[in-house]
Amino acid sequence: MGEIKQSLAEESEQGLGENTVISESNEGLGTSAENVKATVDNSSTSSMPAVNKESISIELKPNQATEVKLAMPKDAKVTFDWQTTGGGLNYDTHGDPVNAPKDFYHGYGKGRNEINQSGTLTAAFDGKHGWFWRNRTENAVTVTLNVEGQFTEMKRVF
């Protein structure tokens, strides 16, 4: 496990990030100016899941972090839109393949002090793909993620 994930796991064990609300949304997602594609070659025997639509809102206290992942087969696509209230967040959009080797990392994008992002995430391989956010401000910040596309599960990792 990489240093960042170890740090995040330790913070999670300390009880950071416990306020979560999950609800379905009927609102459409914004159009994407960004289409994220990966160049990893990984054959997939999975069939494409039905299109699902979910939303999650999470409040992060100062210096708190969270991660939300979608279970997706290779080449599945989801349209996403996330926004914050109360300030900006650092983020890292990345994926973990099934049975990932130690210290594996596949990034789709990173940013600092961002208040929103939208786009299309295309899974580079079978696995879990999603977003890590950290609040580096002195105030509570709420992030709301809306996704629509080919995934089988949305899960808050910590």
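**Chatting about Q117 and its chain**

Modeller: Here's one to start with: the side chains of Q117 and Y91 are joined by a polar contact of 3.1 Å. By polar contact I mean a pair of N or O atoms within 3.5 Å; within protein, one must be able to donate a hydrogen and the other to accept it, and residues adjacent in sequence count only if both atoms are side-chain atoms.

Biologist: Nice! What kind of model is this?

Modeller: This is a predicted model, where local features need pLDDT of at least 70, side-chain atom pairs count only at pLDDT 80 or more, and totals for chains, interfaces and linings use all residues. Residues are numbered from 1 along each chain as its sequence is written, and side-chain values use heavy atoms, leaving out hydrogens and water.

Biologist: Is Q117 buried or exposed?

Modeller: Q117 counts as buried because its relative accessibility is 12%; buried means under 20% relative accessible area, exposed over 50%, partly exposed in between, with a 1.4 Å probe and protein chains only.

Biologist: And which strand is Q117 in?

Modeller: Strand 8, residues 116-122. Strands (E, at least two residues) and helices (H or I, at least four) are DSSP runs, numbered from the N terminus.

Biologist: How many helices and strands are in the protein chain?

Modeller: The chain has 1 helix and 11 strands, and from the N terminus the order is α-β-β-β-β-β-β-β-β-β-β-β.

Biologist: Switching topic: how much of the chain is buried?

Modeller: Of its 158 residues, 44% are buried.

Biologist: What's the average pLDDT?

Modeller: The average is 81, and 71% of the residues score at least 70; pLDDT is the predictor's confidence in each residue, from 0 to 100.
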